[in-house]
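Subject: Structure handover

Hello,

Please find the structure we spoke about below. My notes on what was found in it follow.

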Amino acid sequence: MPQQRLVCNLIKLRYNMKYKLIAIDLDGTLLNSQGEIDTQTQQIIRSIAAKTNIILTTGRHHTTVAYYHQLLQLNTPAICCNGSYVYQFENQQITFAEPIDKQRVAHFVSQSESLDLIAYADDKILLCYQHPANYISKLESWGTTLEPNIQPKIERVTDFASALSDCKHIWTFVTEGSPNDIDAFISDPLIYENFSYEQSWFNRIGFNKKGNSKGAMLSRLATSLGIELEDVVAIGDNDNDVSMLQCAGLGIAVNNATKKLKNCADVVTKASNDQNAIVEAIKIIS
């Protein structure tokens, strides 16, 4: 971390200067290992949401974010699919859309036969019956516990390529598989040259349009809100959070974060996501 940035952050913390936007990752950060937000964390976020922009910033599709957005009583948009778009829950509108070039889709799908492949497209999640992904099954089960208007929209299809061709926007491809299969897939020149990819779980990598990232979209959103990046806090746990911690005025990694993320953070919490890390982080900055 540059010395000038460190000094600036210490001055802000010392004099209790208020940050104007807090970007928070979901899985592994805001959510505990059971996919829940504990009561204390809910309370502290609600208490500051009236005076600070709380932006959920995630690799998830917006239909799997709606429940948490409602639970926290937020009126702010969310950055979804690792910075591929911003979703406005109040009017169900998408802004700053940066979808995958559809000319690249056929090649991507053809090279992924050894992997479980999921597509986040338009307002739904698509996957092929022949390649079920465990985490999608968990999402489906979780969705049955929710009110119909905030249930994730998940479709299992037999002809994946045909289903994709009917979509207007494809935001993200998520692959799951062995490290060797994923490494071989990434080494394909057309994949490497046309997609950004970041690990979001130990065996899961998300692929987006080249140049998309949480950090790039966070910078764009902050600018649209008239907020300087030095007045932004970003909190995360995994490698796909590196870009937003690097662009924010203050980057916080939770204790269970990857080594790569901790190395670029200004602050690392003592608590993990199972120990109210977000409560600790907010107390530090407020």
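Arg156 is partly exposed, with 23% relative accessible area; here buried means under 20%, exposed over 50%, and partly exposed in between (1.4 Å probe, protein chains only). This is a predicted model, in which local features need pLDDT of at least 70 and side-chain atom pairs count only at pLDDT 80 or more, while totals for chains, interfaces and linings use all residues. Residues are numbered from 1 along each chain as its sequence is written, and side-chain values use heavy atoms, with hydrogens and water left out.

Salt bridges

Arg156 forms a salt bridge with Glu140, and their closest N and O atoms are 2.8 Å apart. A salt bridge here is a side-chain nitrogen of Lys or Arg within 4 Å of a carboxyl oxygen of Asp or Glu. The two residues sit in distant parts of the chain, Arg156 in strand S8 and Glu140 in helix H5, 16 residues apart. Helices (H or I, at least four residues) and strands (E, at least two) are DSSP runs, numbered from the N terminus. Glu140 is also partly exposed, at 28%. Salt bridges with shared partners join Asp25, Lys214 and Asp241 into one network.

The structure holds 8 salt bridges. One of them pairs Glu98 with Lys209, with the closest N and O atoms 2.7 Å apart. This pair links distant parts of the chain: Glu98 lies in the loop between strand S5 (93-95) and helix H4 (105-110), and Lys209 in strand S11 (residues 204-209), 111 residues apart. Lys209 is partly exposed, with a relative accessible area of 31%.

Another joins Asp123 to Lys153, the closest N and O atoms being 3.2 Å apart. Asp123 is in the loop between strand S6 (116-121) and strand S7 (124-128), and Lys153 is in the loop between helix H5 (134-143) and strand S8 (154-157). Both are partly exposed: Asp123 has 34% relative accessibility and Lys153 has a relative accessible area of 43%.

An open sheet is formed by 5 strands in the order S2-S1-S12-S13-S14, with parallel pairing. Two strands pair if DSSP finds at least two bridges between them. At the edges are strand S2 (53-56) and strand S14 (267-268), each pairing on one side only. Strand S13 (residues 250-253) pairs with S14 over 2 bridges, and Ala253 stands opposite Val268 in S14.

S1 and S2 pair in the parallel sense over 4 bridges. Leu21 has Asn53 in S2 as its bridge partner.

Helix H2 and the cores

In helix H2 (residues 39-49), the buried residues are Thr41, Gln42, Ile44, Ile45, Ile48 and Ala49. Their cover includes strand S1 (21-24), S2, helix H3 (66-71) and helix H12 (277-285).

The largest nonpolar core has 50 residues, and those with the most contacts inside it are Leu30, Ile45, Ile118, Ile136 and Ile235. H12 gives the most to this core, with 6 residues. A nonpolar core is a set of buried Ala, Val, Leu, Ile, Met, Phe, Trp, Tyr and Cys residues joined through side-chain atoms within 4.5 Å. Ile45 touches residues including Ile24, Leu30, Ile54 and Ile282, not counting residues up to four places away in sequence; contact means heavy atoms within 4.5 Å. A second, separate core of 24 residues includes Val105, Phe173, Phe185 and Phe207.

Regards
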